[in-house]
Amino acid sequence: MPTVEAILFWVFAGITVFSALAVVTCKRIIYSTLSLILVFLSIAAFFVLNNADFLAIAQIIVYAVGLTIILLFGVMFTAERLEAQKEHPVSKSQHWLFGLVCTMFGALLVAAQQFPYLQKLPSATLIKTLQAEGSTGLLGKAIFNQFVLPFEVASVLLLMAMVGAIMIAKKRLDTTETTGDVTRMPLNLASAPKVSDSSPELVLSGRES
Amino acid sequence: VISLAHYLTLAAILFGVGLYGVVTSRNIIRVLMCVELMLSAVNINFVAFNRFVNPDQMAGQVFAIFVLTLSAAEAALGLAIVIALYRKKASVDIENYRELQG
């Protein structure tokens, strides 16, 4: 008779692996974005199984909602006709590299099985706390006592990333010729035979002719 | 009984799938997604180690939160770069981004 945790683990492990494979293999990018949501939700389930309830909710809010919405915006901004191109750009050496990395991971896992972890059972007070109020309070105490400096650094980093993202992504208003007309460019690129070799200046001059 | 090894194996599989996606996909947005997959795999490891090895301290979960923060920042910046590149190249195919090839 498997435990409830085992049943949940295997169910969500299946969901995670299959939808992760769907993210990688789906032809249309929008489908892989949607299955990415499924991956993130099932990872949140693993967090719940591991006594990390705050992290599970944060995972749902940040990843499964926020991040995928940003990604969906990106996908829809860059409406893509890449699906027509069937051939894979993977070279032999990349396959070798990937195989090597997978073998190293397998070896690492086998080695991890041999290594005697200092597995500890939670103390009685911890179990009582977890049952009464979950791990959120403990997590908050850990962040604001032991890890307060990394927390502040992370907040500064988030601010920097936000400002930097706006600066990078916003259209430059003073130089109109470098920005180009986004809505019209794919049309002309479709008629131009060699897109990949042309520099942006060539593309722009081709648009005007 | 689910042990630490189960979670490690699952995270390794997820990381491998993400790595395969990063190596093989042409669409740069899909590359970003696969990077997120790899970061999530690392997060599973952190949380599982926290529970099985040192449950009384919350260090693993705190690190998972930092990974979450970093990956949010990374995704926002990465997507901004993608938008800027798309404006310049009108393509999200990584075959068309050859400036940094050396």
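**The interface**

In this predicted model, 72 residues of chain B are in contact with 91 residues of chain A. The size of an interface is often given as the accessible area lost when the parts come together. Between chain B and chain A that area is about 7400 Å², with carbon and sulfur atoms giving 75% of it. On the side of chain B, the residues that lose the most area to chain A are Arg30(B), Met33(B) and Arg87(B), which together account for 10% of what that side buries.

**The nonpolar core**

The largest nonpolar core holds 67 residues, and those with the most contacts inside it are Tyr7(B) and Ile44(B). Two or more residues of this core come from each of α1 (4–25), α2 (29–49), α3 (53–77), α4 (92–114) and α6 (136–145) in chain A, and likewise from each of α1 (4–24), α2 (28–52) and α3 (59–89) in chain B. The largest share, 12 residues, is given by α2(B).

Once its neighbours within four places in sequence are left aside, Ile44(B) is in contact with Ile43(A), Phe46(A) and Phe47(A) from chain A, and with Tyr7(B), Leu10(B), Ala11(B) and Leu14(B) from chain B. Asn43(B), which lies in helix α2 of chain B, is buried with a relative accessible area of 0%. Apart from its neighbours within four places in sequence, Asn43(B) is in contact with Phe47(A) and Tyr63(A) as well as with Ala64(B), Val67(B) and Leu68(B).

**Aromatic rings and charged groups**

Over all chains, the count of aromatic pairs comes to 11. In one of them, the rings of Phe40(A) and Tyr63(A) have centres 4.5 Å apart and planes at 35°, so the pair is tilted. Because Phe40(A) lies in helix α2 of chain A and Tyr63(A) in helix α3 of chain A, this pair ties together parts that are 23 residues apart in sequence. Both Phe40(A) and Tyr63(A) are buried.

Side chains of opposite charge can pair when their charged atoms come close. The count of salt bridges over all chains comes to one; since Glu5(A) lies in helix α1 of chain A and Arg51(B) in helix α2 of chain B, the pair joins two chains. Glu5(A) counts as buried, at 18% relative accessibility, because the cut-off for buried is under 20%. Separately, the charged end of Arg28(A) sits over the ring of Tyr31(A).

| Pair | Kind | Distance |
|---|---|---|
| Phe40(A) and Tyr63(A) | tilted ring pair | 4.5 Å, between centres |
| Glu5(A) and Arg51(B) | salt bridge | 2.8 Å, N to O |
| Arg28(A) and Tyr31(A) | charge over ring | 5.6 Å, from the ring centre |

**A backbone feature**

Most residues other than glycine have a negative phi. Asn51(A), by contrast, has a positive phi, near 65°. Asn51(A) is placed in the loop between α2 and α3 of chain A, and is partly exposed, with a relative accessible area of 33%.

How values were computed:
Residues are numbered from 1 along each chain as its sequence is written. Chains are lettered from A and ligands numbered from 1 in the order in which they are written. This is a predicted model: local features need pLDDT of at least 70, side-chain atom pairs count only at pLDDT 80 or more; totals for chains, interfaces and linings use all residues. Side-chain values use heavy atoms; hydrogens and water are left out. A nonpolar core is a set of buried Ala, Val, Leu, Ile, Met, Phe, Trp, Tyr and Cys residues joined through side-chain atoms within 4.5 Å. Buried means under 20% relative accessible area, exposed over 50%, partly exposed in between (1.4 Å probe, protein chains only). Helices (H or I, at least four residues) and strands (E, at least two) are DSSP runs, numbered from the N terminus. Contact means heavy atoms within 4.5 Å. Rings of Phe, Tyr and Trp (its six-membered ring) pair if their centres lie within 6.5 Å; planes under 30 degrees apart count as stacked, over 60 as edge-to-face and the rest as tilted. A charge sits over a ring if NZ of Lys or CZ of Arg is within 6 Å of the ring centre and within 35 degrees of the ring normal. Buried area is the accessible area (1.4 Å probe) that two parts lose on being put together, summed over both. A salt bridge is a side-chain nitrogen of Lys or Arg within 4 Å of a carboxyl oxygen of Asp or Glu.
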